[in-house]
Amino acid sequence: MNTPAPQLAEAEVVIRVRGVCNRFGKQTVHEGLDLDVRRGEILGVVGGSGTGKSVLLRTIIGLRRPQAGQVQILGEDFLALSDEHRVRIERRCGVLFQSGALFSSQTLVENVAMPLIEHAGFPRPAAEQLAIVKLALAGLPADAAHKYPAQLSGGMVKRAALARALALDPEILFLDEPTAGLDPIAAAAFDQLLLTLRNALDLTVFLITHDLDTLYTICDRVAVLAQKKVLVVGDLDEVAATDDAWVQDYFHGPRGRAAQQAAAHGRQGQ
Amino acid sequence: MNAGRQAVATTMAQMDTPHAPGQIHLDRRSQPASVRISGDWTLARYTVLQGELAALEGQLDDSISVDMAALGELDTAGASLLAQLLGAQRLSDWAKAQETLPAARRALLQTVGEAMQSWRAPAPVRQTGAIRAFFAHIGSAMEKVARQEWALLGFIGLTLATLVYDLWHPQRWRLTPLAAQIEETGWNAIPIIALLTFMVGAVVAFLGSTVLVEFGAGIYTVNLVAFSFLREFGVLLTAILLAGRTASAFAAQIGSMQANEEVDAIRILGLNPVELLVLPRVLAMLIALPALTLVAMFSGLLGGGVVCAMTLDVSPTMFINMVHDNVAVRHFLVGIAKAPVFAFLIAVIGCAEGFKVTGSAQSVGEHTTSSVVQSIFMVILVDALAALFFMQAGW
């Protein structure tokens with residue numbers, strides 16, 4: 001399933017954002033934003049509140065048409081594609097929205113089985129069986145599968161939403177603050193799951209997060225959104241060394257240092 | 001058989017080609033029997049492979065050995081099939097022991113295996129007979145209605161108590177939301193109310209002019225229109241329209257606030273949701289509905305008057321004189337007296353349904369529908385009872 005499309009061969013860039021401008025009325029969120037996401041990497045996107053991380057995600061997955069600029073996913077200009085073609089690309093992407101966005105009128109199993117039935121053409125029993133596996137993979141207990149989202153805690157909704165994003169075994173996974181609202185144990189398990197899946201399935205992950213531990217443990221590269229563009233992108237040390245007040249505060253504040261030390265200990269432990 | 005095995009061997013040899021479809025082959029001749037997994041075990045192949053697994057059901061025991069050397073692509077769907085084949089526990093143990101497998105694949109198999117261990121099949125839903133289910137459904141529906149009306153009574157009490165308390169505390173009057181609600185429920189509804197009652201007035205006059213003229217009583221069309229609109233249609237049409245327009249809006253507004261935990265936030269900030277959300281709406285309806293009833297009465301009379309002028313040659317002056325002479329004021333009072341009662345019922349039912357919403361979008365929809373159905377039902381029920389009462393009282 002992970003056949004690289006021929007036009008991608010050049011640098012294995014799966015998402016290419018060029019010169020994107022996003023404005024809401026008079027407020028400009030992005031101005032000439034460029035970003036590349038490479039195949040098989042976990043790219044962490046950080047930035048202060050209101051710097052347009054979620055807007056960028058919505059722009060890339062085609063929910064928002066930017067005022068200017070271009071977005072290419074898997075080598076295709078997403079905004080110029082026909083609907084039919086778009087669906088084919090969309091099937092290769094999984095999205096976890098910030099608040100989960102599960103369908104509230106369906107049970108968890110039905111939520112996860114839906115893409116399998118609609119896109120992969122599974123019969124319902126097989127789809128539900130596989131959906132249950134995905135839910136288990138996301139760390140949900142067996143009795144939660146037939147509950148409705150309103151009956152679950154926020155963290156469980158997040159996991160179920162991850163299971164739905166993973167339903168079609170997508171090539172690109174978009175995650176909007178996946179570990180927010182999870183307890184630290186669950187968040188660490190989530191990081192490991194993501195790492196395992198990425199290594200085994202060659203996933204590309206676009207990860208918006210505020211969780212410094214996640215950044216230090218699993219991200220290959222980090223992009224910092226500030227001043228209406230991607231201020232800097234690179235591996236952690238490179239980014240942390242950037243001469244910018246916000247970046248310095250972020251990575252060298254008390255929490256940043258703690259996460260860094262924890263990650264260093266973790267690496268020594270292994 | 002031999003030829004068959006050779007064919008398998010050749011396919012095995014070709015396994016370096018990247019995208020062979022996933023296959024499973026059971027070799028019962030070797031001791032112990034072995035299962036050979038080959039090709040791509042991915043989502044696209046899931047249903048086919050699942051069928052093949054089902055065919056092998058019961059032929060595999062714990063002693064069986066597994067050969068995955070020829071396995072192509074593997075994703076979580078394929079890994080879950082392997083877990084079904086071998087048992088989740090065995091798969092993760094097996095994966096742990098396979099040092100020749102790439103680490104990434106071992107990790108995937110282990111993760112899926114461990115995830116599926118903790119998983120047991122959910123208990124099947126108990127089936128009940130159709131007749132039993134039918135009566136059970138009737139029973140639960142009846143119980144639901146009873147509970148609903150009981151809760152509505154409680155909510156009316158709560159609203160009235162809050163209203164009376166606030167009357168004595170003018171600093172708690174919330175005039176801005178009240179004005180906004182009056183604009184939304186009253187002022188903005190004037191065009192639709194006026195148009196609708198104008199047309200119904202015209203229709204009633206048409207009926208009168210066709211039927212009454214046969215008896216030479218065509219002139220009484222004027223009385224028909226005036227009586228019906230002052231006593232019944234003015235207030236009833238307005239109430240039904242507002243039940244559809246406003247009760248649903250109240251239920252949806254409060255319902256989505258409830259789903260979004262906004263109502264809980266109001267409560268926890270030490271504010272009273274009834275005072276904040278319900279009272280402005282109820283008071284706005286108490287003002288808007290009688291006012292709109294007046295509009296409806298005038299507009300209905302106007303519609304009737306236009307038809308009378310066109311088909312019966314009753315001039316507007318004569319129409320007004322006849323209404324003035326023949327229709328006593330009490331008919332108007334009987335009509336308008338019902339307006340506040342309807343207003344209160346509609347607003348309270350809309351708000352009460354809003355508070356019953358629980359989380360999901362579907363629940364918002366259900367309670368919005370329920371608010372409209374209930375309030376129209378209540379309006380017509382109360383109107384029928386009032387008609388009986390006024391008739392017996394001779395008003």
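How many residue pairs are in polar contact across the interface of chain B and chain A? The rule finds four, with both residues of each pair at pLDDT 80 or more. A polar contact here is a pair of N or O atoms within 3.5 Å; within protein, one must be able to donate a hydrogen and the other to accept it, and residues adjacent in sequence count only if both atoms are side-chain atoms.

Ground rules, quickly. This is a predicted model: local features need pLDDT of at least 70, side-chain atom pairs count only at pLDDT 80 or more, and totals for chains, interfaces and linings use all residues. Residues are numbered from 1 along each chain as its sequence is written, chains are lettered from A and ligands numbered from 1 in written order, and side-chain values use heavy atoms, leaving out hydrogens and water.

Stay with the interface. α5(B) gives the most, with seven residues. By class, this side of chain B has 13 nonpolar, 11 polar and three charged residues. Ala, Val, Leu, Ile, Met, Phe, Trp, Tyr, Cys and Pro count as nonpolar; Asp, Glu, Lys and Arg are charged; the others, Gly among them, are polar.

Now the totals. The contact (heavy atoms within 4.5 Å) takes 27 residues from chain B and 31 residues from chain A. Together the two chains bury about 2,300 Å², 71% of it on carbon and sulfur atoms. That area is the accessible area (1.4 Å probe) lost on putting the two parts together, summed over both. Salt bridges between chain B and chain A: zero. The rule there is a side-chain nitrogen of Lys or Arg within 4 Å of a carboxyl oxygen of Asp or Glu.

On to the sheets of chain A. One is open, with six strands in the order β6-β7-β8-β3-β9-β10 and mixed pairing. Two strands pair if DSSP finds at least two bridges between them. The edges are β6 (93-96) and β10 (229-234) of chain A, each pairing on one side only. Twist averages 15° from one strand to the next. β6(A) runs parallel to β7(A), residues 172-176, and four bridges join them. In that pair, A:L96 has A:L175 as its bridge partner.

α5(A), residues 154-165, touches β6 and β7 of chain A, at about 170° to β6(A). α6(A), residues 184-201, touches β3 (42-47), β7 and β8 (204-208) of chain A, at about 165° to β7(A). Axes are lines fitted to C-alpha atoms, for helices over the stretch in contact; angles run from 0 to 180 degrees between N-to-C directions.

Another open sheet of chain A has four strands, antiparallel, in the order β2-β1-β4-β5. Why is one side of β2 (27-38) and of β5 (76-77) of chain A left without a neighbour in the sheet? Because both stand at the edges, each with a single partner strand. β1(A) and β2(A) pair over eight bridges. A:R16 stands opposite A:D36 in β2(A). These two strands form a hairpin with two residues between them, and A:G25 in the turn has a positive phi of about 60°. β1(A) also pairs with β4(A), over five bridges. There, A:R18 partners A:Q70. Last, helix α1(A), residues 53-60, lies across β1 (13-24), β2 and β4 of chain A, at about 120° to β1(A).
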